[in-house]
Amino acid sequence: MPITALEPMLCSHCDSPTTMDDLVSRSDGDEICPACATSRFYLCYCCDLYAGTLFRTDAGSDICGMCQYDHGYHECRYCSTLVTDEDCCQHCSDPDTLDADLVHDYDYKPRPVFHGEGSLHFGVELEVNTPSDRLTKCAELCLRDLGNLGYLKEDSSIFEGFEIVTHPMSFPWAMANFPWVMLGRLKSEGCNGEGTGLHIHVSRDGFANSSHVYRWMKFIYRNSREVQRLARRRNSDYAEFGPYVRQTVKEACKGGRPGPRYAAVNTLNSATFELRMFASSLEPDQVQAALTFAAATIEYTRELSIPAIVHCRGWEWETFTNWVSLRPEYSTLTQEWEALTCAC
């Protein structure tokens, strides 16, 4: 029987019952109740649909991520302001607004220096908030601990602070040599990762072929609930898991049209895939678990066969965590997942 306008339906955000006539559309296709629409979401200037995050254009209007992609906007080379034909926004076109003494400009990208053996490497981007009166001290602390492993950059999502960016590292090298103690030192200075992200870049050369990439991405999107729980961040418009993004996976794996940048797995970069779903943290165990998740999922899906998927529940999260628990090199992920499970 068809659904009537008065038949109760559930808000996709808070699960409260709402009639079909009262539901409001989000830009990703989900339907939400009026209370969530007005208190937790924002109206896109372009499409008149609601989204959890809007992005400011150079003209001063606020638009959703879908409209950004559909209308050909890209970020200013120095900040997150959206522009169309220009290289940078009106504000950043003035060079006097930029300062790259300790913290480089947003577009800074030196030649990568690879650490560790093999073809699979990982790059970490960790966004950090600092107290306003300790920005210089914290930047100097980071640069001293990082040495030649990384550098600091500006990021528009950070009001006061910087983004720590590393050069590519193999997984074993990163676990053994990344300056994990640096995170505790930053925390003791009053820094935090609240409201910011942890992004992990994965080298495309580390995958066997396009089928391996497809299996890896499909596993992540099929287990979005568990992945977001591990990531400590849900419903982020900076790392979408929605149906539109999932529809782009197969074409992106074949080298066709990539999905949007603000997907859980950003496929726009030519040399890497970017995992964008993790919340930032200054807890070494949480950052290690994110890095371990990236490494473990790639190796798990490398040899994942059709019989294993069909007869041994290969797509399921429990099958994956059982596989991980048998491999000591991934113990940080096992411990973090067990801690999250016990916390519930």
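Figure 1. Met277 is in contact (heavy atoms within 4.5 Å) with Ile220, Val227, Ala231, Arg233, Ala239, Phe241 and Ala264, leaving aside its neighbours within four places in sequence. The model is predicted, so that local features need pLDDT of at least 70 and side-chain atom pairs count only at pLDDT 80 or more, whereas totals for chains, interfaces and linings use all residues. Residues are numbered from 1 along each chain as its sequence is written, and side-chain values use heavy atoms, with hydrogens and water left out. A nonpolar core is a set of buried Ala, Val, Leu, Ile, Met, Phe, Trp, Tyr and Cys residues joined through side-chain atoms within 4.5 Å; buried denotes under 20% relative accessible area, exposed over 50%, and partly exposed the range in between, with a 1.4 Å probe and protein chains only. The largest such core has 70 residues, and Phe122, Ile164 and Met277 have the most contacts inside it. Helix α10 gives the most to this core, with nine residues. A second, separate core of nine residues includes Ala51, Cys64, Met66 and Leu82.

**Figure 2. Helix α10, residues 284–302.** Helices (H or I, at least four residues) and strands (E, at least two) are DSSP runs, numbered from the N terminus. The expected span of a helix is 1.5 Å times one less than its number of residues. For the 19 residues of α10 this gives 27 Å, in agreement with the 27 Å between its end C-alpha atoms. Because 14 of the 19 residues of α10 are buried, the helix is largely enclosed by the rest of the structure.

**Figure 3. Strand β13 and its partners in the open sheet.** Two strands pair if DSSP finds at least two bridges between them. The sheet has six strands in the order β12-β13-β11-β14-β16-β15, with antiparallel pairing. β12 and β15 (265–266) stand at the edges, each with a single partner strand, so one side of each is left without a neighbour in the sheet. Six of the six residues of β13 (residues 161–166) are buried, so this strand is largely enclosed by the rest of the structure. In a regular strand the side chains alternate between the two faces of the sheet. Gly161, Glu163 and Val165 point one way from β13, while Phe162, Ile164 and Thr166 point the other way. Five bridges join β13 to the antiparallel strand β11 (residues 122–129), where Val128 has Phe162 as its bridge partner. Four bridges connect β13 with β12 (residues 150–153), also antiparallel, and Leu152 stands opposite Ile164. Elsewhere in the sheet, two bridges join β15 to the antiparallel strand β16 (residues 272–279), with Val265 opposite Leu275.

**Figure 4. Aromatic pairs around Phe171 and Phe320.** Rings of Phe, Tyr and Trp (its six-membered ring) pair if their centres lie within 6.5 Å; planes under 30 degrees apart count as stacked, over 60 as edge-to-face and the rest as tilted. By this rule there are 19 aromatic pairs. Phe171 and Tyr330 form a tilted pair, with 5.9 Å from centre to centre and 45° between the planes. This pair links distant parts of the chain, 159 residues apart: Phe171 lies in helix α4 (residues 171–177) and Tyr330 in the loop between α12 (317–325) and α13 (331–343). Phe171 is buried at a relative accessible area of 9%, and Tyr330 is buried at 6%. The rings of Phe320 and Trp323 have their centres 6.5 Å apart and their planes at 20°, so this pair is stacked. Being three residues apart in α12, Phe320 and Trp323 are separated by about one helical turn; both residues are buried. Ring pairs link Phe171, Phe219, Phe278, Phe293, Tyr300, Trp317, Phe320, Trp323, Tyr330 and Trp337 into a cluster.

**Figure 5. Charged ends over the rings of Trp337 and Tyr106.** A charge sits over a ring if NZ of Lys or CZ of Arg is within 6 Å of the ring centre and within 35 degrees of the ring normal. The charged end of Arg229 sits over the ring of Trp337, 5.1 Å from its centre. Over the ring of Tyr106 sits the charged end of Lys153, 5.6 Å from the ring centre.

Figure 6. Leu43 counts as partly exposed, at 43% relative accessibility. Not counting residues up to four places away in sequence, Leu43 touches Asp48, Leu49, Tyr50, Leu54 and Asp62. The C-alpha atoms of Leu43 and Ile63 are separated by 8.0 Å, the two residues being 20 residues apart along the chain.
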